[in-house]
Amino acid sequence: MNWFKAKCKLTHDRKVSLQYDENTVTSNKLNWEVAIKYVLVKEGEPKEIPPKSPMTFYKAGLPFLFLSTSGTIGNKIISEELIDDDILVDDDIIEIKEGKPEITFEDARDPKEHIEVRTRFDRITRRITIENKLDNEINLVLEFKQTKDVTFIKSDPEPSKIEQPDYKYDLKIPSEEKSRVSFEFQAKIVSRTTKIKPAFIKDSKT
Amino acid sequence: MIIDPKVTRLIIFNGGGGIVEREIKLGLNQGTNEFQIQNIPASFDPNSADIKLEYLNSDDQEFITLQQTIVSLPDRANTQQLIDREKSAAKNIITYSIDFTREMREQISTMCEASSYRTYSDTNGKFDFIINAKKEGEVIIKITYFIADLRMKWQTTLQVNLTDDNEAEIEGFIVVDNHTGFSYNNVDLGFAIFELPAPSSDQVQSESASTLPMEQQAVNDLNFQKRTQRMKNLML
């Protein structure tokens with residue numbers, strides 16, 4: 001049965017979220033996926049639409065997108081999150097400046113051994129390239145989330161908004177063009193090696 | 001006395017099941033009046049069964065009172081055995097029918113199809129009540145109960161016609177499914193966003209306790225913590 005019919009405004013929420021750990025931050029190349037959500041702001045009184053309701057988009061009378069709802073907030077009908085395959089995000093390493101390791105020791109299970117902990121703070125530069133393969137300009141939010149191992153130092157361009165630990169960039173990318181963001185991070189790299197304590201190393205000459 | 005109150009309102013949940021409201025005007029004799037309600041599905045929740053008396057004459061309140069309600073469900077194992085026998089008989093009819101001409105064929109397939117869809121929820125539950133009347137009179141009985149049958153539900157489909165890059169026209173439709181053995185005709189239909197509670201954690205735990213290792217059970221316990229769920233009625 002017919003429930004409602006209304007005009008609505010359509011917006012696209014595109015977002016790419018970056019987060020590194022001590023291993024991924026030094027990777028030569030990473031690929032990130034752009035998440036897209038369709039938000040319909042309906043005119044008239046709000047309607048409660050259950051989550052996971054099927055939704056079909058028609059253009060010129062033909063269906064071109066099948067998805068489902070994730071929920072409603074007032075007059076906003078929000079679609080589920082999809083991966084936008086027409087936006088490519090490449091993440092390449094530019095430079096690693098290794099810091100001086102600081103050596104400390106921890107107790108091992110065997111009293112004759114100890115764990116050598118080498119901690120160094122590396123400065124890592126990475127560049128994110130976002131390519132828009134669509135035939136229209138898009139708005140995209142790039143979000144970097146700082147972690148305990150990888151902290152933000154600076155970026156080019158500067159973030160549009162900082163809400164620790166999130167750094168957000170509002171990007172506008174014209175059709176078939178690329179946009180770049182360079183990051184400089186500080187990464188805490190820790191390595192642990194179990195070794196025999198020097199006092200227990202037998203002299204080979206004796 | 002056997003009565004069949006009319007279903008006046010049916011609120012269907014999107015997650016399956018619903019609330020049924022039924023109503024009937026009854027004449028009462030002086031003394032104890034026993035009634036048995038017909039067409040109560042076995043999927044009804046006896047704990048939610050509720051009866052309200054609406055007095056036609058306000059003075060009757062002192063003389064007419066609800067004494068007792070008796071609710072019960074048929075035994076699941078026995079009912080299932082009967083259903084299985086019916087299904088097996090239907091299968092045999094199709095397999096061994098000699099005369100399977102056009103008219104017979106239609107009758108047989110209708111009968112067999114009905115039995116193949118039959119489940120425990122399509123059998124009848126028991127909902128009786130007793131009214132004490134100190135004098136003769138009339139009263140309207142309003143009965144409400146939940147039905148936990150996932151074969152009755154509704155869902156929304158949305159069609160979005162793009163008129164521009166940023167503008168569109170949205171059309172919402174409600175699709176109602178009723179694959180239960182009970183029909184509801186000429187009722188005031190309501191829709192709500194609600195999912196019937198899943199089996200309690202104790203029940204599921206006892207079933208799985210013997211097979212799962214202790215660590216896994218501890219993780220499962222965390223997942224079984226209940227979440228709030230508030231029913232939302234749709235305003236059509």
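I started with helix 1 of chain B: zero of its 21 residues are buried, so it lies largely in the open. I count a residue as buried if 20 or more other C-beta atoms lie within 10 Å of its own, as exposed if 12 or fewer do, and as partly exposed in between, with C-beta atoms placed from the backbone. This is a predicted model, where local features need pLDDT of at least 70, side-chain atom pairs count only at pLDDT 80 or more, and totals for chains, interfaces and linings use all residues. Residues are numbered from 1 along each chain as its sequence is written, while chains are lettered from A and ligands numbered from 1 in the order written.

I checked the length of helix 1 (residues 76-96) of chain B. From first C-alpha to last it reaches 30 Å, close to the 30 Å expected. The expected span is 1.5 Å times one less than the number of residues.

Next I traced the sheet in chain B. Six strands form an open, mixed sheet in the order 5-8-3-2-11-12. Strand 5 and strand 12 (232-233) of chain B are the edges, each pairing on one side only. I used DSSP runs numbered from the N terminus: helices are H or I of at least four residues, strands E of at least two. Strands pair if DSSP finds at least two bridges between them.

I looked at strand 8 (residues 137-147) of chain B, which pairs antiparallel with strand 5 of chain B over six bridges. There, B:I51 stands opposite B:I143. Strand 3 (residues 18-28) of chain B also pairs antiparallel with strand 8, over eleven bridges. B:G27 has B:E138 as its bridge partner.
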